[in-house]
Amino acid sequence: WRCMTKKHKKYRAEALCNWLLEKVGKERMSEGTGVLDIAGGKGEISKLLFSHGIPCTVIDPRRCPPRNGAAAPSTGPDYILANFDNA
């Protein structure tokens, strides 16, 4: 995994998104408040699911800022910055 390029990581997220759509289905993932993406990092998978109309929330202790000073998108998955350690 260390030598994985950005292209390969994007493919991996797309492959998982497609698998989820095929096996779980858009309707089921859209129930309630949608998908909860725990430790979602940059939210690549949630962004792809959101592009299919599935509501998503990413929970991660850090949110990666947009690159090159770009503004955060106004539409897309919700983010909750949270650390659930007992410390």
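How much accessible surface does the protein have, and what percentage of it belongs to carbon and sulfur atoms? The accessible surface comes to about 6,800 Å², and 55% of it belongs to carbon and sulfur atoms. Such areas come from the Shrake-Rupley method with a 1.4 Å probe, and for residues only the protein chains shown count as cover.

This is a predicted model, in which local features need pLDDT of at least 70 and side-chain atom pairs count only at pLDDT 80 or more, while totals for chains, interfaces and linings use all residues. Residues are numbered from 1 along each chain as its sequence is written, and side-chain values use heavy atoms, with hydrogens and water left out. The predictor's confidence in each residue is given as pLDDT, from 0 to 100. Its mean for the protein is 82, and 76% of the residues reach 70 or more.

The protein has 3 helices and 3 strands, taken as DSSP runs numbered from the N terminus (helices are H or I, at least four residues; strands are E, at least two). Along the sequence they follow the pattern α-α-β-α-β-β.

Of the 87 residues, 23% count as buried. Buried means under 20% relative accessible area, exposed over 50%, and partly exposed in between (1.4 Å probe, protein chains only). The largest nonpolar core has 6 residues: Cys-17, Leu-20, Met-29, Leu-49, Ile-54 and Cys-56. A nonpolar core is a set of buried Ala, Val, Leu, Ile, Met, Phe, Trp, Tyr and Cys residues joined through side-chain atoms within 4.5 Å. In soluble globular proteins, nonpolar side chains tend to be buried together.

Beyond its neighbours within four places in sequence, Leu-20 is in contact (heavy atoms within 4.5 Å) with Gly-25, Met-29 and Leu-49. Among contacts in the protein between residues at least 6 apart in sequence, 34% join residues at least 24 apart.

Two cysteines belong to this core, Cys-17 and Cys-56. Cys-17 is buried at 2% relative accessibility, and Cys-56 is buried at 3%. A disulfide is a pair of cysteine sulfur atoms within 2.5 Å, and the count is 0. The closest cysteine sulfur to that of Cys-17 is in Cys-56, 8.5 Å away, so the two are too far apart for a bond.

The structure holds 1 salt bridge, defined as a side-chain nitrogen of Lys or Arg within 4 Å of a carboxyl oxygen of Asp or Glu. It joins the side chains of Lys-23 and Glu-22 at 3.9 Å, N to O. Lys-23 is exposed at 54% relative accessible area, and Glu-22 is exposed at 61%.
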